[in-house]
Amino acid sequence: MQHRNLTSGRPSGTDGSDYSYRMVVDSRYQLVAKGKKRLSLLFIIEALFLLIGVIFAFLPGIEADTPNTIALSSVIVSIILLIIANIGQRRSKSSLLRLYAIVSSIAMVLFIASLSKQYSLLKAILDFNFWGSRKFDVNGLPGFHTGLLVYILTLSLLKICTIKTVVSLLFNMSPPKKAS
């Protein structure tokens with residue numbers, strides 16, 4: 001091995017002719033880096049939506065003066081799972097990301113179902129005579145129910161996007177299968 005002299009200038013072998021022998025980062029690792037960056041952004045957006053969900057859980061619905069405990073507990077569990085998933089994402093722990101994907105999906109379904117029941121969203125949608133009218137009339141559906149419906153749909157799409165990113169990240173984080 002050649003001893004490098006720091007005062008002599010450029011060491012031998014660095015004139016650019018060895019470019020073809022340099023190592024290339026595998027595309028799988030590049031996908032993991034992009035997935036982690038996207039996932040951290042999705043976690044921030046989901047946390048903001050969950051904080052809005054706390055407001056919906058405390059607003060009175062059909063049964064006045066009682067906060068929705070199922071919705072509130074689902075939001076708390078989802079926030080805790082976001083913290084766990086953030087740790088799993090930063091430390092590349094696939095078990096924590098799997099836990100987040102499964103349990104947060106269940107918590108989100110419970111949250112949406114309890115909000116729909118609390119504010120009788122199904123009844124509001126059925127009472128809305130959109131299909132019988134020729135033009136869209138916002139007065140037929142109260143603004144709060146419209147906002148809640150948009151919130152639920154947006155949160156559902158966000159959760160689907162997050163779970164898709166987590167699954168993609170899990171596939172890219174796992175070592176490649178050896179051919180036998």
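# Working through a helical chain

For "transmembrane region", the unreviewed UniProt entry lists residues 39–62, 68–87, 99–116 and 148–171. Keep in mind that the model used here is predicted.

**Exercise 1. Work out which secondary structure elements the protein chain has, and in what order.**

Start with the tally: the protein chain has five helices and zero strands. Now walk along the sequence, and the pattern reads α-α-α-α-α. As for burial, 30% of the 180 residues in the protein chain are buried.

**Exercise 2. Take two of the spans from the UniProt record, residues 68–87 and 148–171, and describe each in the model.**

Begin with residues 68–87: this span is 95% helix and 0% strand. Its end C-alpha atoms sit 29 Å apart. Next, residues 148–171 come out as 100% helix and 0% strand. Here the distance between the end C-alpha atoms is 34 Å.

**Exercise 3. Decide how α2 runs relative to α3, parallel or antiparallel, and say what kinds of residue make up their contact.**

What do you need for a helix pair? Two packed helices are described by the angle between their axes and the distance between the axes.

Step one: helix α2 covers residues 69–91 and helix α3 covers residues 94–118. Their axes come within 9 Å and cross at roughly 160°.

Step two: angles over 145 degrees count as roughly antiparallel, so α2 is roughly antiparallel to α3.

Step three: for handedness, α2 passes α3 in a left-handed crossing. The contact itself splits into 19 nonpolar residues, six polar and no charged.

**Exercise 4. Now bring in α1, and work out its direction relative to α2 and to α3.**

Take α2 to begin with. The axes of α1 and α2 come within 9 Å, crossing at roughly 165°. That makes the two helices, α1 and α2, roughly antiparallel to each other. The crossing of α1 past α2 is left-handed.

Then try α3. The axes of α1 and α3 come within 12 Å and cross at roughly 30°. The cut-off for roughly parallel is under 35 degrees, so α1 and α3 are roughly parallel to each other. Once again there is a left-handed crossing to note, with α1 passing α3.

**Exercise 5. Find out which residues touch the most other members of the largest nonpolar core, and which helix gives the most to this core.**

The largest nonpolar core has 32 residues. Within it, L97, Y100, F111, L115, L148, Y151 and V166 touch the most other members. Now sort the core by helix: α1 (27–58), α2, α3 and α5 (143–173) each supply at least two residues. The top contributor is α5, with ten residues.

**Exercise 6. Look at S92 and T154: where is each one, and is each buried or partly exposed?**

S92 is placed in the loop between α2 and α3. Its relative accessible area is 35%, so S92 is partly exposed. Check its backbone too: S92 isn't a glycine, yet it has a positive phi of about 55°.

T154, on the other hand, is in helix α5. Its relative accessibility is 32%, so T154 counts as partly exposed. To finish, pair T154 with F49: they are 105 residues apart along the chain, and their C-alpha atoms are separated by 9.0 Å.

Note on methods
Residues numbered from 1 in each chain as written. Predicted model: local features only at pLDDT ≥ 70, side-chain atom pairs only at ≥ 80, totals over all residues. Heavy atoms only, no water. Axes fitted to C-alpha atoms, helices over the stretch in contact; angles between N-to-C directions. Helix = DSSP H or I, 4+ residues; strand = E, 2+ residues; numbered from the N terminus. Parallel < 35°, antiparallel > 145°, perpendicular 65-115°, else oblique. Left-handed = near helix turned anticlockwise from the far one by under 90°. Nonpolar A, V, L, I, M, F, W, Y, C, P; charged D, E, K, R; others polar. UniProt positions renumbered as here; feature names shortened; annotations may be inferred. Core = buried A, V, L, I, M, F, W, Y, C linked by side-chain atoms within 4.5 Å. Buried < 20%, exposed > 50% of the residue type's maximum accessible area, 1.4 Å probe, protein only.
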